[in-house]
Amino acid sequence: MPSTAPDPELPATEVENGGEGELEETPAATRTPDQWWRSAVIYQIYPRSFADGDGDGIGDLPGITSRLDALVELGVDAVWLSPFYTSPQHDAGYDVADYCDVDPRFGTLQDFDSLLTRAHAEGLKVIVDLVPNHTSSDHRWFQEALASPEGSAERARYLFRDGRGPDGSQPPNNWQSVFGGQGWTRTTRPDGTPGQWYLHIFDSSQPDLDWTNPWVHEQFADILRFWLDRGVDGFRVDVAHGMAKAAGLPDYTPPAGTGSMGGGVTLAPEIEGHAAEDPATPPYWAQPGVHEIFREWHAVLEEYEGDRVLVAEAWVDPLEKLADWVRPDEMQQAFNFVYLETPWQAPALRSVIDESLAAFGGVGAPSTWVLSNHDVVRHASRLALTAENPQGAGIGPKSPGQPIPDIGLRRARAATALMLALPGSAYLYQGEELGLPEVIDLPDSARQDPTWFRTNGARYGRDGCRVPIPWEATAPGYGFNTSGESWLPQPGEWTRFARDTQLGVPGSTLELYRLALELRRSHGLGTGSVDWLPGYSEQVVAFRNGDVTVIANLGTTPVELPAGEVLVSSDALPEAVLLTDSTVWLHTL
Ligand code: NOJ
């Protein structure tokens, strides 16, 4: 049975409603075949590290605008911008102090408008980040809450609770922060005595909002409209599995083997098995209450002309459950982190591809595919790790199972060539088109991820995938800016990864991405289907998508190529055989 891409003509179906078990009709009008996001390749820009227009060492919006041409040349359809809003930057901007303004480090609202105008003129859609689970503790809402009495309307915006124990000195429950340490911080009353505690699933500078409060809903509907009015094409929704908490905030101890964000644990290819398939649902992740929020936002987007999109950052296992996030009246897409966390093993990849197409297709949504982002070890290193590496832990000089760079890059190229041949929508993270590895040997003094501090260095965190990217081999800061300043130090040996080193060089990683993106588009792979090919060994992933045959060899035995014109190859093809850790696309009739 071929696995097919979700059928855009899907008839109205009955879908389960919000985890509450009701059935409702799919609004057919919300699923039309020309929805751009169904097959789009979306490039994640991490503004701090993309391009720095003013030379202060932190990337900015004018820097991004000046480099958009490179993304057009790469051949992507859209960009997603990680947060650039007013923020004290305790979590690199995911701690927002004003959702409707630009932090001066990144520029101004006018700079944003110029970026958007320019991107649209170039044919690129623009998605911005929405961070609704928590605000910065600097946000006016939280400062007002702190200054207001216990039980006040201002306090009800957040999750303030009395402590346990006779003097309230114990946190209200045992929840831990994703970044390490406990998930509660105690406040101090104006008279200096200890007061209530507030919940922060992330850093103590990121208090969680209380989404049972209608006031919070109203604020975010306004925030969506603010950016939609400016013309954005959609939102990537941060922690879209975390906003609703189980009533009563019960104690919970996660089972071993679950990632801190709720997904599984990345296993190295050499380790048997797969991440936990269905970890028990924690009372702070994947609660049914989130679906009501998404429906509200879906309706807000429908107030606007054009085809706007909500994309869930939701670390939810299994995929059948994640599919609830993209039912017809909820979000349009969800990041497929189950795919990202799949080890580099052919049977596991075949399964996750089948499961993804079935789960998302079952609700009429496209599958997404993603291998890297700003929260995980870059896949050019991750795919060659030989020890467990939970999401968010990062790798540093003392991490076990250090990746071998050549193997990592080889697997990364093969993995990307495989991913870009799949039907649905694919996400790329800035720098992966250059084959960038994780920066492992950052000095401890340079590290900035709150994870590093909250675990006293036990977990390195995510800085290694966030180093400013190299544009020009011989320019200061590799062309990230003209000053050579960089908020995280760039490795001395990145000359070979610089964009200008690779541009126009056949076989370079950049040219591999450009070619794959061009042919993905011209052969309609994003709207195609997966038809598994028989006759290959267990260690091979082989399928047809339209007139393209895709073969990825994850085994050690060379694979003989069938007849057909080679379109894309992640590696040289000596004597028409596909060597280990490589992928080829062939044009076959
Ligand atoms: C997910 C974001 O991708 C990550 O970078 C951030 O630290 C957390 N959410 C908290 O906002």
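**Exercise 1.** How far is an oxygen atom of the ligand from an N or O atom in the side chain of D238?

*Solution.* Before we start, note that this is a predicted model, where local features need pLDDT of at least 70, side-chain atom pairs count only at pLDDT 80 or more, and totals for chains, interfaces and linings use all residues. Residues are numbered from 1 along each chain as its sequence is written, and side-chain values use heavy atoms, leaving out hydrogens and water.

Step 1: at D238 the distance is 2.7 Å, a polar contact (a pair of N or O atoms within 3.5 Å).

Step 2: look at D375, where a side-chain N or O atom is 2.4 Å from a ligand oxygen.

Step 3: turn to R462, with a polar side-chain atom 2.9 Å from an oxygen atom of the ligand.

**Exercise 2.** Sort the shell around the ligand by residue class.

*Solution.* Step 1: collect the residues with a heavy atom within 4 Å of the ligand; there are 14, and D91, D238, H374, D375 and R462 come nearest.

Step 2: sort them, and you get five nonpolar, two polar and seven charged residues.

Methods. Polar contact = N/O pair within 3.5 Å; in protein donor to acceptor, adjacent residues only side chain to side chain. Nonpolar A, V, L, I, M, F, W, Y, C, P; charged D, E, K, R; others polar.
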